[in-house]
Amino acid sequence: MKEKVLILDFGGQYNQLIARRVRECKVYCEVKPYTMSMEAIRKFAPIGIIFTGGPGSVYEPSSPQVDPAIFQLGIPILGICYGCQLIAHNLGGQVTPAQDDSAREYGKTVTYFDTACKLFKGLPETGISWMSHGDYMAKVPGGFALTAHSDACPNVAIADETRGFYGVQYHPEVNHTENGTAMIRNFLYEICGATGEWTMEDYKNRAIAAVREKVKDGRVLLALSGGVDSSVVAALLAEAVGNQLTCVFVDHGLMRLHEGDEVEAAFAKWDINFIRVDAESRFLLKLAGEAEPERKRKIIGEEFIRVFEEEAKKVGTVDFLAQGTIYPDIIESGLGDAAVIKSHHNVGGLPDYVDFKEIIEPLRMLFKDEVRQLGRELGLPEYLVSRQPFPGPGLAIRIIGDITKDKADTLRQADFIFREELAKVGQDKCLSQYFAVLTNTRSVGVMGDGRTYDYTLALRAVVTDDFMTAEWARVPYDVLDRISVRIVNEVKGINRIVYDITSKPPATVEWE
Ligand code: XMP
């Protein structure tokens with residue numbers, strides 16, 4: 001990539017968001033720790049640098065600092081919040097704790113912009129910005145102009161257009177800031193001279209070439225779960241190295257209805273070695289009589305490794321083990337510093353069991369939205385690329401109590417109807433995750449002239465950005481009603497439906 005932006009991370013909570021916004025503007029960027037050396041920065045050769053926010057106060061000696069030489073590189077810099085204060089602090093301004101509450105700003109704030117500044121070019125003069133700072137720029141550094149203010153604070157944004165240094169006290173990366181992405185776009189296009197070369201089609205071609213270069217005539221092994229990440233890795237490798245790739249897809253019998261067939265069908269067009277292991281009876285045997293959620297998880301995890309190991313042995317020596325690690329995993333585990341990341345980080349212990357020379361992770365620089373986009377570019381079907389998350393242990397943790405094949409079949413049918421009805425009314429597009437749970441409770445019902453004593457099924461649908469917290473989804477009553485009527489009529493063994501109206505916390509998304 002010629003056009004790269006460097007995001008120096010000072011520990012703020014929105015740093016991944018900044019990177020996503022830059023990529024949305026079709027410019028490639030990487031998030032690196034603020035300790036990155038000047039030599040490494042020069043080598044990276046960014047067209048622009050963004051300093052992120054952070055929890056520190058620039059005037060405290062222990063707070064994260066930059067090498068002042070960074071201001072001599074001749075590269076435009078945008079400082080956000082703490083990053084803005086860093087610019088001021090380093091270039092002769094003064095940052096102090098806000099003396100009174102009026103200068104300490106949090107939340108949505110009406111802000112007035114000087115649209116003659118390139119950062120705000122073409123944007124409205126007034127807008128809402130998202131503030132979150134307790135420190136205040138008491139003195140603006142020499143050579144800088146004030147380019148935005150609020151009613152409480154005269155120094156909301158500063159700019160030295162000659163040197164290409166810009167600072168904003170608010171967070172343009174957060175959705176609450178009106179035109180925030182447009183400001184980032186202005187920084188990239190008006191100030192750094194970007195042309196927008198980061199597209200998924202381009203990335204696909206480059207990634208395919210890179211994989212070919214690395215793998216040469218070697219053999220690659222991939223554990224394909226059918227989730228978005230491993231499916232996109234499989235498609236990319238299939239396109240790059242064809243039948244040098246072996247995908248092992250372990251069907252543990254706790255997948256959703258038709259899921260195994262769908263995954264297999266999605267890869268039928270490529271000439272790869274696709275091994276589908278039907279291990280249902282093996283897993284059910286191991287799980288028999290087990291009701292404790294963590295034990296179920298452990299049994300499935302261990303059995304999965306055993307099955308994968310057996311299949312890998314049949315394949316023989318492989319040169320590369322491929323994995324679906326994505327960029328958020330990298331940022332979260334080591335701030336983009338490759339040295340910190342252990343190769344075992346995301347593999348659930350697999351490398352200990354399989355003989356291979358090297359790991360390849362072709363998605364390690366991509367965000368989830370980009371992974372989905374790449375999947376589309378590679379011709380994977382939409383049902384695979386836009387798939388909701390599905391836990392590794394599958395339906396095992398959605399069947400409360402002990403697991404039997406009958407229960408799994410019952411749950412599969414009910415879950416299918418739930419998903420089908422939500423999709424019919426387009427609700428599936430608004431929900432982050434939705435599924436059915438077979439509770440271990442039976443209750444009395446009446447069907448026709450007879451008494452029933454059958455299971456209660458719970459429906460769960462949530463909306464969330466990050467799955468750390470989640471809201472229960474307000475699915476319309478008439479949709480829930482249709483689902484309830486259909487399931488009770490069509491699925492044997494269920495005579496009562498409940499809808500889960502707890503958020504996370506205090507509940508979790510899954511029931512186990
Ligand atoms: P919880 O239930 O913890 O779920 O609120 C948050 C997200 O994690 C998924 N989840 C799992 N994924 N193995 C997985 O691969 C698991 O054991 C597991 N447990 C929960 C859950 O589906 C949701 O997306």
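View 1. Three domains make up the protein: domain 1 (4–191), domain 2 (200–385) and domain 3 (398–499); their bounds come from an automatic or database domain assignment. This is a predicted model, in which local features need pLDDT of at least 70, side-chain atom pairs count only at pLDDT 80 or more, and totals for chains, interfaces and linings use all residues. Residues are numbered from 1 along each chain as its sequence is written, and side-chain values use heavy atoms, with hydrogens and water left out. Along the principal axes, the C-alpha atoms fill a box of roughly 85 × 60 × 40 Å. You'll find 14 helices and 20 strands here; helices (H or I, at least four residues) and strands (E, at least two) are DSSP runs, numbered from the N terminus. Of the 512 residues, 54% are buried, where buried means under 20% relative accessible area, exposed over 50%, and partly exposed in between (1.4 Å probe, protein chains only).

**View 2. Where domain 2 meets domain 3.** Here 13 residues of domain 2 are in contact with eleven residues of domain 3, contact meaning heavy atoms within 4.5 Å. The C-alpha centres of these two domains are 30 Å apart. Across the protein, 74% of the contacts with a separation of 6 or more are between residues 24 or more positions apart.

**View 3. The largest nonpolar core.** This core has 84 residues, and Val22, Phe120 and Phe267 touch the most other members. A nonpolar core, by the way, is a set of buried Ala, Val, Leu, Ile, Met, Phe, Trp, Tyr and Cys residues joined through side-chain atoms within 4.5 Å. Helix α6 (residues 228–241) is the biggest giver, with ten residues. Domain 1 and domain 2 both supply residues, so this core lies between them. Apart from this core lies another, of 48 residues, including Val307, Phe356, Ile417 and Leu431.

**View 4. Valine 22 and helix α1.** Leaving out residues up to four places away in sequence, valine 22 touches Val5, Ile7, Val27, Cys29, Ile50, Ile184 and Leu188. In helix α1 (residues 15–24), the buried residues are Asn15, Ile18, Ala19, Arg21, Val22 and Arg23. Just past α1, look for lysine 26, which takes a positive phi of about 65 degrees.

**View 5. Helices α5 and α11 crossing.** The axes of α5 (residues 200–215) and α11 (residues 368–377) come within 9 Å and cross at roughly 75 degrees. These axes are lines fitted to C-alpha atoms, for helices over the stretch in contact, with angles running from 0 to 180 degrees between N-to-C directions. That makes α5 roughly perpendicular to α11; angles under 35 degrees count as roughly parallel, over 145 as roughly antiparallel, 65 to 115 as roughly perpendicular and the rest as oblique. On the α5 side, Met200, Glu201, Tyr203 and Lys204 make the contact, and they meet Glu370, Gln373, Leu374 and Glu377 of α11.

**View 6. Threonine 410 in helix α13.** Threonine 410 sits in helix α13 (residues 405–424). Its relative accessible area is 15%, so threonine 410 is buried. Not counting residues up to four places away in sequence, threonine 410 touches Val491, Lys492 and Ile494.

**View 7. Glycine 227 in its loop.** Glycine 227 is in the loop between β12 (220–223) and α6. With 25% relative accessibility, glycine 227 counts as partly exposed. From glycine 227 to arginine 451 it's 224 residues in sequence and 41 Å in space, C-alpha to C-alpha.
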